[in-house]
Amino acid sequence: MGLLSEGSPLTWDETKALAQHVREHGIEQFINLFARLKDRQGDVLKWGDEVEYIIVRFDDKQRAVQVSLRAQEILAKLNEKEAADPQGVKSLWRPEYGAYMIEGTPGKPYGGLLAHFNVVEANMRYRRMEVAALLPENEFVMSITSFPRLGCPRFTFPPAVPTPDDEACAARSNFFPDEAIFPGHPRFKTLTRNIRQRRGEKVSINLPIYPDRDTQTPVEGSIPSHPSHVHMDAMGFGMGCCCLQLTFQACNISEARTLYDQLTPMCPIMLALTAASPAYRGFLTDVDCRWNVISASVDCRTREERGEEPLKNDRFRIYKSRYDSIDSYLSPAGEKYNDVPLVLDETLYKRLREGDIDHLLAQHIAHLFIRDSVSLFSEKVHQNDREDTDHFENIQSTNWQTMRFKPPPPNSPIGWRVEFRPCEAQLTDFENAAIVCFVVLLTRVILSYQLDFLIPISKVDENMQNSQKRGAVLTERFWFKKNITAIPPEEGRADGAASQAEQRQNGTADEAATSEAPADEYELMTIDQIINGKGTFPGLVPLINSYLGSMDVDADTHCTIQQYLKLIQKRASGELMTTASWIRQQVVSHPEYKHDSVISEGNCYDLLRKAKDIQDGVLACPELLGNNINSKTTDNIPAAIEKHLTKRC
């Protein structure tokens with residue numbers, strides 16, 4: 001969820017009055033941090049996952065299912081272990097936006113041994129069991145991306161009723177009560193209230209309804225401008241969804257920038273591949289993913305900033321929500337693919353350049369800092385810019401993008417990191433572990449084989465929208481680099497001359513001059529072709545297998561990784577369904593379904609009961625998972641492997 005500062009939250013008017021103060025001091029903090037750490041070298045590969053969970057309550061007598069607002073109580077118990085033994089716990093737990101949500105991570109990051117890939121699933125299983133042990137017999141922890149009836153009457157336990165006319169409420173939603181927002185930290189309600197007040201109206205999320213035979217329009221609760229759309233009006237509909245995220249530590253800032261860029265074109269591919277959320281507010285929609293829902297749920301732009309009125313009171317026309325895909329690459333190799341004009345704060349950009357920040361990084365930061373702070377605590381207003389970074393993180397952590405470039409925290413052993421954020425949460429630990437291991441292995445192959453995935457940012461944006469369409473993994477095609485194994489010509493210069501990108505980074509070239517990426521470098525491909533290959537295009541999984549063939553992998557780890565890669569391959573080819581397709585099939589084949597796009601309470605109950613049995617291994621689901629799943633995952637790396645396998649993977 002980002003920075004969780006403690007203190008007394010300021011009102012929106014107070015926060016707005018300090019917006020420029022936060023921006024200016026945040027920039028100074030970044031300049032000072034960069035000066036100290038830009039030359040940091042030699043950090044080893046470390047990585048970890050974050051899985052978000054929903055606590056679900058089943059009422060078997062009424063055949064009803066609700067989200068349980070028990071997160072604060074559960075977290076207090078889970079965090080007792082960490083407080084007692086911070087270095088010895090196997091899992092860490094943090095609050096999330098919903099009062100029914102928790103976020104779990106490994107107790108320590110994984111490292112460079114290939115054997116670490118065999119620990120991921122076991123640790124995820126441990127986390128799930130750890131929470132389950134604290135729940136009553138009718139409540140369960142589930143890694144579902146969206147609760148299908150979020151916002152419907154009686155969707156919470158204890159029951160809570162929306163109060164849209166109560167000025168004291170944070171959301172003032174017609175559907176989502178404030179009681180469903182995590183109460184244990186003021187950040188969440190403060191963000192909700194301030195985003196609404198900054199925007200000047202409630203957020204407006206509108207998803208096209210799934211068009212079935214008897215679908216009624218206007219859709220119940222829709223707004224006049226979108227009669228055939230499911231309407232939602234609160235931050236909770238987006239931030240109340242769950243996802244699967246990964247963070248990687250790079251050996252230095254250059255490697256982090258390379259990974260940030262090279263993983264960016266993979267974001268829409270992985271979003272489509274992990275699609276898991278076709279249902280919102282009790283309706284089937286015509287999308288498969290949460291991304292645009294969250295984007296709209298925190299869209300604090302005013303009408304002027306959205307281009308609906310001429311600029312008068314605001315500084316910029318801003319083209320995206322603060323939760324969206326990235327707008328520029330950071331590495332010199334990516335510069336020519338930055339084909340979307342960046343809106344940035346020119347004054348802050350100039351200060352960053354004066355502070356010895358190169359052009360590409362300076363424009364990235366100055367672009368993030370066109371945003372206002374939307375949550376500020378009175379105790380954090382005045383800081384030491386040479387030691388503190390809270391003002392920088394205040395803006396950085398509320399730009400929720402597909403990728404996040406993360407500087408080292410001050411006074412910390414942690415290095416330069418990259419966060420990969422698009423993936424949807426899957427039902428089982430096996431699936432979530434497969435996605436994590438696939439992406440981590442891909443980073444190793446990118447760096448080892450010097451792969452080049454870069455395509456224009458505009459094409460990534462186009463892919464992001466296509467990736468969310470119903471059945472996108474099978475029906476859509478995506479822009480992708482034709483020759484991913486070719487080293488860009490500029491990087492192969494032998495004459496010692498500085499490339500244009502290098503000149504720009506050093507500040508010795510005209511910053512308005514750019515070269516364009518040739519259009520024949522990329523083409524439209526299916527996800528099957530991208531993952532499994534076609535013609536001369538090798539495919540990402542075959543490249544990973546080639547890489548693994550050159551490494552010393554123990555038998556159990558090899559077995560587990562191969563099962564994970566097969567899952568990815570079969571999802572890409574359509575042999576296995578995505579979670580979204582499976583959910584849609586379950587809903588429309590249910591005896592209560594009336595071909596009207598409505599998900600009844602009984603339908604939702606049976607759907608999540610079946611999902612729970614699948615996640616627990618009680619019920620086989622070959623159409624989603626395949627047959628004969630038997631990964632060799634283990635809680636610990638064998639001592640012999642830990643001792644002798646010292647290669648970085």
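The model is predicted. The protein chain holds 23 helices and 17 strands. Its radius of gyration is 24 Å, close to the 26 Å that the globule rule gives for 649 residues, so the chain is as compact as a globular protein of that length.

**Overall shape and surface**
- Taken along the principal axes, the box filled by the C-alpha atoms is roughly 75 × 60 × 55 Å.
- Of the 649 residues in the protein chain, 61% are buried.
- Among contacts between residues at least 6 apart in sequence, 77% join residues at least 24 apart.
- The accessible surface of the chain is about 24,800 Å², and carbon and sulfur atoms account for 49% of it.
- The chain carries 73 positive and 90 negative side chains, with the centres of the two sets 2 Å apart.

- In soluble globular proteins, nonpolar side chains tend to be buried together.
- The largest nonpolar core here has 191 residues, and the members that touch the most others are Phe176, Met266, Phe420, Phe438 and Trp582.
- Helix α13 (residues 429–449) gives the most to this core, contributing 13 residues.
- Leaving aside residues up to four places away in sequence, Met266 touches Phe420, Phe438, Leu442, Phe453, Phe480 and Leu540.

**Helix α14**
- Helix α14 (residues 457–466) has 10 residues, seven of them buried, so the helix is largely enclosed by the rest of the structure.
- The buried residues of α14 are Ile457, Lys459, Val460, Asp461, Asn463, Met464 and Asn466.
- These buried residues pack against the helices α8 (266–273), α9 (291–297) and α15 (472–475), and against the strands β16 (478–481) and β17 (522–525).

**Cis peptide bonds**
- The bond from Phe157 to Pro158 is cis, with omega near -5°, and Pro158 lies in the loop between β6 (156–157) and α5 (186–199).
- A cis bond also runs from Thr217 to Pro218, with omega near 0°; Pro218 sits in the loop between β7 (205–208) and β8 (229–232).

**Positive phi angles**
- Arg63 is not a glycine, yet it has a positive phi of about 50°.
- Arg63 is in the loop between β1 (46–59) and β2 (64–68), and its relative accessible area of 30% makes it partly exposed.
- His595, which is not a glycine either, has a positive phi of about 55°.
- The loop that holds His595 runs between α20 (579–588) and α21 (601–615), and this residue counts as partly exposed at 30% relative accessibility.

Definitions and conventions. Residues are numbered from 1 along each chain as its sequence is written. This is a predicted model: local features need pLDDT of at least 70, side-chain atom pairs count only at pLDDT 80 or more; totals for chains, interfaces and linings use all residues. Side-chain values use heavy atoms; hydrogens and water are left out. Helices (H or I, at least four residues) and strands (E, at least two) are DSSP runs, numbered from the N terminus. The radius of gyration is taken over C-alpha atoms; the globule rule is 2.2 Å times the number of residues to the power 0.38. Buried means under 20% relative accessible area, exposed over 50%, partly exposed in between (1.4 Å probe, protein chains only). Contact means heavy atoms within 4.5 Å. Accessible areas come from the Shrake-Rupley method with a 1.4 Å probe; for residues, only the protein chains shown count as cover. Lys and Arg count as positive and Asp and Glu as negative; His and the chain ends are not counted. The place of a charge is taken as NZ of Lys, CZ of Arg, CG of Asp or CD of Glu. A nonpolar core is a set of buried Ala, Val, Leu, Ile, Met, Phe, Trp, Tyr and Cys residues joined through side-chain atoms within 4.5 Å.
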